[in-house]
Amino acid sequence: MDVIKIKGSDDTPNVILDAENNIIEFSGRSLPEDVVTFYAPVIQWIEEYAKSPNLKTTVIFRLEYFNTASSKILLDILLKFEDIMKEGHEILIHWYYQEDDEDMQEAGEEYSEIVDIPFEMYSY
Amino acid sequence: MENVDYMKLIYSFHQEMINYNFSLVYEGEITHQITKAFTSLAENKMDSYSEDISMKKKVFHVMVECLQNLSKHSEEHELRGRLGDSSGNGIFIVGRLGDNNEEYHVITGNPVDKNKVPDLKALLEKINQLDKEGLKELFKKQMREGSLSDKGGAGLGLIDIARKTGEKLEYHFHDMDDTNSFFLLRTKISRKIE
């Protein structure tokens with residue numbers, strides 16, 4: 001499978017989608033001008049990955065900030081991984097938040113309430 | 001207008017901005033580039049007087065969501081402009097209030113189609129009636145059930161603003177003409193919350 005590596009900017013996140021090395025990671029800031037276009041290749045990659053996923057997949061979120069338009073897309077991404085889990089594969093979410101960032105912590109907790117995937121929360 | 005009157009107008013405009021502590025007033029199209037410029041301007045300014053980090057984050061967050069609402073409107077407006085509507089673009093204001101500057105105000109104003117006013121009012125009233133837990137549930141529901149429009153709006157912005165600030169949304173609809181109302185929204189971000 002192709003590896004996707006997107007270098008982040010002040011309004012787009014770093015994205016690593018690497019099936020071979022089993023790294024799926026989102027970090028930085030997400031408030032792209034056009035969220036749908038920005039995340040389209042990411043969604044596409046996950047749909048492809050779902051056809052033959054690794055036995056165990058850990059998805060890492062280490063975001064500093066995301067706007068509400070991104071929050072909807074992040075849920076879509078999580079739901080795609082939930083589908084993979086329903087097919088019998090192991091999925092784990094690592095949700096990182098800055099120690100004093102209650103909003104980011106709460107955002108992770110809310111996602112964990114909506115999707116049926118185990119979350120591990122880490123402050124840094 | 002006479003030149004002197006015009007210059008006086010500029011002066012009184014300046015005085016009004018100072019009286020009301022408006023640090024930013026903008027009328028016109030809101031693009032992504034402008035959103036980035038305004039938010040980084042505010043960040044730099046807040047850094048310059050060592051604003052605390054949670055306040056900074058809240059102001060940034062509210063500004064992004066407000067500007068995003070306006071930019072969606074700007075695109076609609078452009079479309080309507082081609083159809084001969086001259087209701088104007090939006091206005092965006094940031095002010096700093098209170099005896100110790102403990103409060104930030106982010107104000108937006110834009111014309112909206114009168115047909116859309118009842119739904120918008122209903123949403124605003126609903127948001128203002130909910131407590132912290134209620135807003136959280138509404139946000140989650142909207143995230144699950146809402147779909148992203150072409151412009152990336154997910155109907156989450158207003159809910160999110162109310163959650164992040166812990167304040168009621170202050171709004172007003174001003175009649176413009178047969179088809180448009182001017183929608184004003186004032187968001188307070190206060191250091192006293194938590």
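## A salt bridge between the chains

D11(A) and K36(B) form a salt bridge through their side chains, with an N to O distance of 3.4 Å. The structure is a predicted model. The D11(A)–K36(B) pair joins two chains, because D11(A) sits in the loop between β1 (4–6) and β2 (14–18) of chain A and K36(B) in helix α2 (residues 32–48) of chain B. D11(A) is buried at 8% relative accessibility, whereas K36(B) is partly exposed at 24%.

A network of salt bridges links E113(A), K136(B), E137(B) and K140(B).

## The interface

In chain A, 27 residues are in contact with 28 residues of chain B. About 2,300 Å² is buried between the two chains, and carbon and sulfur atoms give 54% of that area. The interface also has 11 residue pairs in polar contact. On the side of chain A that touches chain B, α1 (35–49), β4 (56–66), α2 (68–86) and α3 (102–114) each supply at least two residues. The most come from α3(A), with seven residues. By class, this side of chain A has 11 nonpolar, four polar and 12 charged residues.

## Salt bridges within a chain

In chain A, the side chains of K56(A) and E90(A) meet in a salt bridge at 3.9 Å, N to O. This pair links distant parts of the chain, 34 residues apart: K56(A) is in strand β4 and E90(A) in strand β5 (residues 90–97). K56(A) is partly exposed, at 39% relative accessible area, and E90(A) is partly exposed at 44%.

In chain B, K164(B) and D160(B) form a salt bridge at 3.0 Å, N to O. Both residues lie in helix α6 (residues 157–165), four residues apart, about one turn of the helix. K164(B) and D160(B) are both buried.

Technical notes. Residues numbered from 1 in each chain as written. Chains lettered and ligands numbered in written order. Predicted model: local features only at pLDDT ≥ 70, side-chain atom pairs only at ≥ 80, totals over all residues. Heavy atoms only, no water. Contact = heavy atoms within 4.5 Å. Buried area = accessible area lost by both parts, 1.4 Å probe. Salt bridge = Lys/Arg side-chain N within 4 Å of Asp/Glu carboxyl O. Polar contact = N/O pair within 3.5 Å; in protein donor to acceptor, adjacent residues only side chain to side chain. Nonpolar A, V, L, I, M, F, W, Y, C, P; charged D, E, K, R; others polar. Buried < 20%, exposed > 50% of the residue type's maximum accessible area, 1.4 Å probe, protein only.
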